Amino acid sequence: MSTCNNITLPDRSGFQVRIVRDRKEYSRYFSHKLWGSKEKSFKAAISWREQILALVGDVKPTPLSNKSTGIVGVSKIVKYDKRRGSCSLFYSCHWRKNKKARTKQFYVGLANEVTADEDFHAFRTAVQFRKEYELFKEKGREDLFSPEKYKLWKTEKVYR
């Protein structure tokens, strides 16, 4: 499960930080047990990552590096908030209304707290949103497509 740039949750016991620059790897594992909790190990992993990036330099990921879901118009985004020191996970759907580009985002939650069921539900909702838009577009009626039915997506299932 990807949680943030360079930080993964390879197992239930801790976070792994891995940074590669000029063929040299900087890696460290942050055990939940050793750090006292999942939250504390995540904060320690972020802190260590920031220290290493200050030393070796931060490289911006390529635009499609963490966004590909395999579905056209649906992206998975993990966004790091420096102020809060946390990563948020959401799915983003791209569509058009009246020839103007639009985006609908399905916020899942903090990346280190999201369950697999919540992630999958958000993904399926985003895919359904995009499929419904595509159906309207095929019929030449994309002006009639309305995202209103997706307002309560967290509590109401809109897919089969």
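Student: Which residues is Phe 129 in contact with, leaving aside its neighbours within four places in sequence?

Tutor: Contacts of this kind show which parts of a chain meet once it is folded. This is a predicted model, and in it Phe 129 is in contact with Cys 93, Trp 95, Lys 104, Phe 106, Phe 145, Pro 147 and Tyr 150.

Student: Which residues touch the most other members of the largest nonpolar core?

Tutor: Phe 129 is one of them, along with Ile 7, Val 17, Tyr 91 and Phe 106. The core has 33 residues. At least two residues come from each of β2 (7–11), β3 (14–21), α2, β5 (74–81), β6 (86–97), β7 (100–110) and α3 (116–138). Helix α2 gives the most, with seven residues.

Student: Which residues of α2 are buried?

Tutor: A residue counts as buried when its relative accessible area is under 20%. In α2 the buried residues are Ser 41, Phe 42, Ala 44, Ala 45, Ile 46, Trp 48, Arg 49, Ile 52 and Leu 53.

Student: What span should helix α2 have, and how far apart are its end C-alpha atoms?

Tutor: The expected span is 1.5 Å times one less than the number of residues. Helix α2 has 19 residues (38–56), so it should span 27 Å; its end C-alpha atoms are 27 Å apart, which agrees. After α2 comes Gly 57, with a positive phi near 95°.

Student: Is Glu 134 buried, exposed or partly exposed?

Tutor: The two cut-offs are under 20% for buried and over 50% for exposed, with partly exposed in between. Glu 134 has a relative accessible area of 26%, so it is partly exposed. Glu 134 sits in helix α3. Its side chain is joined to that of Arg 130 by a polar contact of 2.6 Å.

Student: What pattern does the chain follow when read along the sequence?

Tutor: The pattern is β-β-β-β-α-α-β-β-β-α, made of three helices and seven strands. The C-alpha atoms fill a box of roughly 55 × 35 × 25 Å along the principal axes.

Student: What percentage of the residues in the chain is buried?

Tutor: Buried residues make up 38% of the 160 residues. The accessible surface of the chain is about 10,700 Å², and 51% of that surface belongs to carbon and sulfur atoms. As for contacts with a separation of 6 or more, 40% are between residues 24 or more positions apart.

Notes. Residues are numbered from 1 along each chain as its sequence is written. This is a predicted model: local features need pLDDT of at least 70, side-chain atom pairs count only at pLDDT 80 or more; totals for chains, interfaces and linings use all residues. Side-chain values use heavy atoms; hydrogens and water are left out. Helices (H or I, at least four residues) and strands (E, at least two) are DSSP runs, numbered from the N terminus. Buried means under 20% relative accessible area, exposed over 50%, partly exposed in between (1.4 Å probe, protein chains only). A nonpolar core is a set of buried Ala, Val, Leu, Ile, Met, Phe, Trp, Tyr and Cys residues joined through side-chain atoms within 4.5 Å. Contact means heavy atoms within 4.5 Å. A polar contact is a pair of N or O atoms within 3.5 Å; within protein, one must be able to donate a hydrogen and the other to accept it, and residues adjacent in sequence count only if both atoms are side-chain atoms. Accessible areas come from the Shrake-Rupley method with a 1.4 Å probe; for residues, only the protein chains shown count as cover.
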